[in-house]
Amino acid sequence: MTIQVGDTIPNETLYYVPYDDKEDITACTRPIPYKIHEKLKGKKAVIFAIPGPFTPTCSESHVPGYLDAYDQLKAKGVDEIICISVVDGFVMNAFAKAYHSGNKVIMAGDGSALFSNALGLTQDLTKAGMGIRSKRFAIIVDDLIVKYVGVETGPGVAASGAEAVLAKL
């Protein structure tokens, strides 16, 4: 079943590497847990998912859209912006460094797709050589309650993009 507005966000754990501007892209810093309920209790957050870091739509429009909209999202009361993908935290750390996300967006891995599965938002991209991945989506969460779910039904970024999220805040 797919997550709906009014549902409680699943209590899963993602993995990320906290931003360090002195760290080289090739550093293998160990990812640490990002426990959804522990981190987001009492906060407003935007969680958006990309099917794959370093892929065209994710790299050229989806992630840059959130980086560009950072100040607007903060002005609307967003405490945390989290980008997830069904890859490990090491890959998301390299992606964060390559795209200079800094402290604006937490780049977190959902390596075994536990969170994406709990949301009901996975897709099988085996024919494209990518295996099981998350769908492209965005969720607004306020004190663990889902306030918006935007899932892409075709190519490109619309319902899951920063502009759509800003309109729903």
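A polar contact is a pair of N or O atoms within 3.5 Å. The exercises below apply to a predicted model.

**Exercise 1.** Determine where E152 lies and which backbone nitrogen atoms its side chain reaches.

*Solution.* Begin with the position: E152 belongs to the loop that runs between β9 (145–151) and α6 (162–168). Next, take the distances: the side chain of E152 comes to 2.7 Å from the backbone nitrogen of A158, and a polar atom of that side chain lies 2.9 Å from the backbone nitrogen of A159. Finally, list the surroundings: once neighbours within four places in sequence are left aside, the residues in contact with E152 are R136, V157, A158, A159, S160 and G161.

**Exercise 2.** Decide whether E152 is buried or exposed, and state how far away the nearest side chain of opposite charge is.

*Solution.* E152 is buried. The nearest side chain of opposite charge is that of R136, at 6.0 Å. Because a salt bridge requires the nitrogen and the carboxyl oxygen to be within 4 Å, E152 has no salt bridge.

**Exercise 3.** Find how many salt bridges the whole structure holds, and describe the one between E23 and K97 and the one between E80 and K43.

*Solution.* The search of the whole structure gives four salt bridges. In one of them, E23 pairs with K97, with the closest N and O atoms 2.5 Å apart; this pair links distant parts of the chain, since E23 sits in the loop between β1 (13–16) and β2 (32–35) and K97 in helix α4 (residues 89–98), 74 residues apart. K97 has 15% relative accessibility and therefore counts as buried. In another, E80 and K43 meet at 3.5 Å, N to O, joining strand β4 (residues 80–85) to the loop between α1 (36–40) and β3 (44–49). E80 is buried at 16% relative accessible area, whereas K43, at 28%, counts as partly exposed.

How values were computed:
Residues are numbered from 1 along each chain as its sequence is written. This is a predicted model: local features need pLDDT of at least 70, side-chain atom pairs count only at pLDDT 80 or more; totals for chains, interfaces and linings use all residues. Side-chain values use heavy atoms; hydrogens and water are left out. Helices (H or I, at least four residues) and strands (E, at least two) are DSSP runs, numbered from the N terminus. Buried means under 20% relative accessible area, exposed over 50%, partly exposed in between (1.4 Å probe, protein chains only). Lys and Arg count as positive and Asp and Glu as negative; His and the chain ends are not counted. A polar contact is a pair of N or O atoms within 3.5 Å; within protein, one must be able to donate a hydrogen and the other to accept it, and residues adjacent in sequence count only if both atoms are side-chain atoms. Contact means heavy atoms within 4.5 Å.
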